[in-house]
Amino acid sequence: MSKLFSMDLAGRPFSIEVGKTACLANAACLVRYGDTVVHCTATASKAPRDGIDFLPLSVDFEERLYSVGRIPGSFMRREGRPSTKAILTSRVIDRPIRPLFPKDLRNDVALNCTVMSVDPDCSPEIAAMIGASAALAISDIPWNGPIGGVSVGYVDGELVINPTLEQRGKSDLQLTVSATANKVCMIEAGGNEISDDLMFEAIMKGFEVDKKIVEFINGMVAEVGKPKFEYPSMEVDHDMFEAIKEFAVDAVRSAMDTDDKNVRDAALVPVYADVHAKFDEIYPDSVAMIDECMYKLQKYVVRRWLLDDGKRVDGRGIDEIRPLKAEVGILPRVHGSGLFSRGQTQVLTSVTLGTIADAQKLDGIDEEESKRYMHHYNMPPYSVGEAKGVRSPGRREIGHGALAERALEPVIPSEEEFPYAIRLVSEVLSSNGSTSQGSICGSTLALMDAGVPIKAPVAGISCGLITEGERWMTMVDIQGVEDFFGDMDFKVAGTHKGITAIQMDLKIDGLTPEIIKEAFRKTHAARDYILDEVMLKAIPAPRAELSKYAPKMLSTVIPVDKIKDVIGKGGSVIQKICAECGVTIDVEEDGRVFIAALDAEAGKRALSIVETIALDPEVGAFYKGRVTRLMNFGAFVEIAPGKEGLVHISKLDVKRVDKVEDVVSVGDTILVKVIEIDDQGRINLSRRDALIEVEGKGKA
């Protein structure tokens, strides 16, 4: 029997129907938000998976193009690989949900959110997050939720919950906040240099609405929730851990007390060997658990150092940043490059500038059809010392690339200011924590090296957290081992003025407002230091000129009714211009024309031709044209495809001309001036006037 639960969410009807669909899943919810419909299911395997030490959770946000009345553009005309936005949404749903599962659960758990109908004013991403939370909460799958999730915008000076499509277009903030009844458990944000105080206020506003959503889901659980199933615990045996700790804790402390990841890993090898030599015989049926105990012991050592002694693994102060280094111009033939190093983390970013036609075409369920600014992140196995083959980017790589893209987007010049498509690629050369933030810094360096007139430089930094009951402490610039054994990776990117991006990863059930405030304070001070003391000393401002290898871009606007004349039948005119001038030309539907040329003079020549075709020649203007015909009385010169004028023999040169052939030949390119356009539209040209006025030649 189905049951419908309803509430008001940001002034729009929100409902969840259960018991109607997918009866073989552990739980299913049909979520409606306005006219947006998302089907959410939670399914778990009946037995745990053997030989693993983690929760095998998968979260899939699936876009169906029928939801927006479109047929997929692929050859097969069906949805294929998830779009980048779908992958990012899956990650946003995963991050607040994962830490709330029991730490010792090893059953496969799958969450599937299928978008079946889209109302542009009612976000399917938010509907999916709430639906996934509700499905898990009412299911028999062990989980310590529920959570709520909302988006927050900043429109015309006001914070707005779940902004509409129109409001999102004007918003200076794109924030997603997820929370339990007591704590904030996920923050994902992009902003137009938002102040710390305003960002905190927005998070708290979202938190208050999340609490109401949690209350709503708890009401569902009270009516239709199932008892949670029992499962075999995979928790490490307490007695085994205590025995290994007593035997090896001093050796682990000694091995880990270094700022070099390679030294640390090498020093731990004999410790592992000694532990196995002693305990394999004592626990012959639990040999695999010995490595689990060693991992737990390293975590114990790191956390005790931090909480009890205020000591970090590499000896740094709590708010001390690892050694930093920034360089630009590393790659001589690319359009711009920047190398950023923070401790043993090293990222090399390159910039490629292209025509507007190089913008990425998007085939998703939202309104965005293309984007001209792209950032891609690669992390090959050698960056962490692994001998593996390179694979295509996974969800983590796509997520990190999107974070860096979001961090720089507010400072990228508009298409009108800088008519280029921009692609950044960050290659992680070495990884020991915070590679995503390193790619943000490297991207700023590369853009400035390329001469892209960014509005302000952006830096990124992470803040970590250790908690124990009511005790907690934060530290700036966490390295890999502090990320693995800590409770939080709070990444914040921004300019001197404000925040441009946030991504928060948690391993605990959430953060208090006090922790969030401290993270903001510490990351702001850290990014100011990185900008002033390192990045701006490497390159204080964007270069005044683009690389000589970058295309020179010229643009103009022509009347829409003249587009057909510029393009020509079957593209004949525009192809002729491109071939003659050695350029690339893109004509937009609104009349904007973009011309890319490696040679600036060739670009100006093409621009002149386009404007001559579209705007008609003007008396007094100068043009370079090609001689097409010779007559006894003069020469005909084509100043643009389809536009020809006559240079009378008396206007061919500064001296007397007896024969036209003595001065010009068919195919010559000459400079001419328009001296008359008669009432029949015929164009009269003068080479003589052009020679005198432009080249300074007088009469012979």
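**Sheet and helix packing**

An open sheet of three strands has the order 22-24-23, with antiparallel pairing; strands (E, at least two residues) and helices (H or I, at least four) are DSSP runs numbered from the N terminus, and two strands pair if DSSP finds at least two bridges between them. The model is predicted: local features need pLDDT of at least 70, side-chain atom pairs count only at pLDDT 80 or more, and totals for chains, interfaces and linings use all residues. Residues are numbered from 1 along each chain as its sequence is written, and side-chain values use heavy atoms, with hydrogens and water left out.

- Strand 22 and strand 24 (residues 592–597) run antiparallel and are joined by six bridges.
- Leucine 554 has isoleucine 595 as its bridge partner in strand 24.

**The helix pair**

- Helix 5 (residues 238–256) packs against helix 6 (residues 261–279) at an angle of about 165°, with axes 9 Å apart; axes are lines fitted to C-alpha atoms, for helices over the stretch in contact, and angles run from 0 to 180 degrees between N-to-C directions.
- The two helices are therefore roughly antiparallel (an angle over 145 degrees).
- The contact (heavy atoms within 4.5 Å) involves residues including Phe247 of helix 5 and Leu268 of helix 6.

Note on methods. Parallel < 35°, antiparallel > 145°, perpendicular 65-115°, else oblique.
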